[in-house]
Amino acid sequence: MGDYNRPRDGERVRSRADRIRTKSTRRTFMQATGISVGGLALGGFMGSAAAVDNPTPRLHTDGRWIVDPDGTRVKLRGFAPASLEFIDYDWYPFTVEEVLERATDGEQWHPNTVRLPITEDPVHEQGMDYIVDDLLRPAVDLLADRGVYAVIDFHLIRPYIDAMGNAEGMVEDGWADDISGLGFDANVPTDDLLEQFWSAVAPEFADDENVLFELFNEPTLPLTWADYGEYGADVTTREESWLLWRDAAQPWVDTIREHAPETPIIIGSPDWTSETQFAPEYPFEGENLIYSGHIYPPNGQPDEFDPEYGAPAEDVPVIITEFGWDPDEAEDSEGYGTTSGWGEPVREWMESYDNMGWFAWCFDDTWAPTFFESPDEGVGEPWELKDGPEQSGEFVRQWLEDTQDDMFLGDGTGEPEGPPAIDGTQPADTTGDGLSNDFTGSGSTTTTDVNVFFENVDNPDVADYPEYYDFDGNGQVSVTDVVELFDSL
């Protein structure tokens with residue numbers, strides 16, 4: 001992945017901060033000019049009122065898998081709208097309910113999960129009762145009625161420790177003109193903010209079986225290339241940033257668990273959630289934990305993602321909770337990219353991991369990269385799906401349609417129906433002895449099958465399934481099993 005995920009000059013955080021500042025600037029302008037939703041037509045926006053007939057039983061983790069109560073392996077796929085409080089402003093042309101109804105209509109859009117972002121702004125401005133009662137409760141209930149999982153995402157983009165110290169260093173280095181322009185309130189300690197949010201949200205939604213929690217969208221600093229604040233000088237490696245993050249964030253995980261013992265928790269990482277690779281070696285304490293990654297075109301090409309995001313999925317559950325691209329964005333922006341050059345390889349890469357879920361960004365016309373466009377600069381109507389060949393909107397919509405029947409991967413026993421596919425081919429038993437001897441789909445065993453077996457003997461999709469590959473009968477998979485298969489020719 002190189003240094004693509006190291007925004008040394010602050011480009012990435014400035015673009016995120018600009019996106020947040022757009023919200024307050026646009027709000028001030030539209031309120032001053034008297035524009036409100038009463039003056040805007042819906043433009044045919046409403047989706048079908050019919051519920052999507054899929055159950056949403058409580059999920060939990062089993063090894064590297066997310067599973068339902070029967071042990072059936074589940075792959076979560078979906079997207080996020082803009083933050084719910086942004087949609088709830090009176091100048092936004094649609095209500096939260098209207099957006100979610102369109103997003104889960106079961107006709108054009110087929111997510112099995114919708115991520116529900118809440119930024120820190122309403123925590124400071126309207127309070128937790130507003131967040132819980134007015135924003136999240138109606139959204140979670142609507143998604144449950146439609147058979148869709150809801151991920152409550154505390155959509156923070158801020159230092160995970162020593163907010164003020166890092167903010168002062170960022171301003172000195174030119175990330176913003178002053179602390180108020182960084183996109184987060186540095187006067188509020190991050191620890192206080194997390195405890196306040198999850199102490200209110202976790203108990204309220206603990207009994208909602210369709211809910212997952214996303215602890216912290218994008219922890220930013222400290223990290224290796226910035227020595228701001230009290231802890232900056234202590235972080236000289238990426239591993240050290242993960243360990244500092246784990247120490248800081250474990251109490252927040254514990255707070256959730258105190259109130260919601262069973263709800264799955266999705267956990268990000270420092271450097272804008274790009275340090276997923278350390279989760280297997282240094283996991284958080286607790287049950288039902290899932291680890292996330294965020295990728296955009298500046299992170300590189302998908303064939304570079306395995307060390308950071310793919311390898312962890314061989315040991316722990318992983319969801320890419322944010323990714324996207326848009327050829328209409330500025331070429332130096334984090335979202336600039338094309339379907340052919342980035343989106344299609346990303347799809348191939350993600351779908352190569354059966355246990356890796358994904359949520360695309362963003363089901364909106366303003367929070368870039370967007371699925372839709374509208375007149376002027378966004379926050380308008382009607383929304384038009386970006387359906388050009390290089391746009392993400394239609395590509396993600398079609399991807400969800402193609403995979404709408406592929407959410408459940410197993411047979412309800414906790415094991416898949418046969419071993420996982422190898423290089424796209426399902427190994428088969430052609431002799432009736434219960435062992436998979438045909439790796440190529442030819443219907444028999446040849447030296448080519450033996451070679452494929454040998455090349456994948458350490459692959460977890462082989463090594464973790466001795467019941468299908470233990471030809472020598474010792475209870476594990478090794479090179480001696482390859483020799484046994486060869487000797488059988």
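**What the labels rest on**

Me: Why is valine 483 called partly exposed?
Reply: Buried means under 20% relative accessible area, exposed means over 50%, and partly exposed is in between (1.4 Å probe, protein chains only). Valine 483 has 41% relative accessibility, so it counts as partly exposed. You'll find valine 483 in helix H16, residues 479-487; helices here are DSSP runs of H or I with at least four residues, strands are runs of E with at least two, and both are numbered from the N terminus.

Me: Before we go on, what kind of model is this?
Reply: It's a predicted model, where local features need pLDDT of at least 70 and side-chain atom pairs count only at pLDDT 80 or more, while totals for chains, interfaces and linings use all residues. Residues are numbered from 1 along each chain as its sequence is written, and side-chain values use heavy atoms, with hydrogens and water left out.

Me: Back to valine 483, then. Which residues make the nonpolar surface patch?
Reply: Phe454, Val479 and Val483 make it, and the patch covers about 260 Å². Patch residues need over 30% relative accessible area and no salt bridge; nonpolar side chains (Val, Leu, Ile, Met, Phe, Trp, Tyr) are joined within 5 Å, like charges within 9 Å. The areas come from the Shrake-Rupley method with a 1.4 Å probe, and for residues only the protein chains shown count as cover.

Me: Why is aspartate 247 called exposed?
Reply: Aspartate 247 has a relative accessible area of 55%, so it lands in the exposed class. Its place is helix H8, residues 238-259. Phenylalanine 284 is 37 residues from aspartate 247 in sequence and 8.9 Å away in space, C-alpha to C-alpha.

Me: And what makes glycine 147 buried?
Reply: Its relative accessible area is 7%, so glycine 147 is buried. Look for glycine 147 in the loop between helix H5 (128-145) and strand E6 (149-154). Threonine 56 is 91 residues away from glycine 147 along the chain, yet their C-alpha atoms are separated by 5.6 Å.

Me: Which strands close into a barrel, and in what order?
Reply: Eight of them do, in the order E4-E5-E6-E8-E10-E11-E12-E13, with parallel pairing. Neighbouring strands of this sheet are turned by 25° against each other on average, direction ignored.

Me: How do you know that strand E12 and strand E13 pair?
Reply: Two strands pair if DSSP finds at least two bridges between them. Strand E12 (residues 318-323) and strand E13 (residues 356-363) have three bridges, in the parallel sense, so by that rule they pair. Across from isoleucine 320 stands tryptophan 358 in E13.

Me: What about E4: how many of its residues are buried?
Reply: Five of its five residues are, so E4 is mostly covered under the definition of buried. Arg77, Phe79 and Pro81 point one way and Gly78 and Ala80 the other. E4 runs parallel to E13, joined by five bridges, and parallel to E5, joined by two. Glycine 78 has phenylalanine 359 in E13 as its bridge partner, and phenylalanine 79 has valine 114 in E5.

Me: What makes the contact between arginine 397 and glutamate 401 a salt bridge?
Reply: The rule asks for a side-chain nitrogen of Lys or Arg within 4 Å of a carboxyl oxygen of Asp or Glu. Here the N to O distance is 2.8 Å, so the pair meets the rule. Arginine 397 and glutamate 401 both lie in helix H12 (residues 392-402), four residues apart, about one turn of the helix. Arginine 397 is at 7% relative accessibility and therefore counts as buried, whereas glutamate 401 has 28% and is partly exposed.

Me: How many salt bridges does the rule give?
Reply: The count comes to 17. One of them links glutamate 120 with arginine 158, with the closest N and O atoms 3.0 Å apart. Another joins arginine 137 and glutamate 204, at 3.1 Å.

Me: Why is arginine 137 called buried?
Reply: Arginine 137 is at 19% relative accessibility, so it counts as buried.

Methods
Axes are lines fitted to C-alpha atoms, for helices over the stretch in contact, and angles run from 0 to 180 degrees between N-to-C directions.
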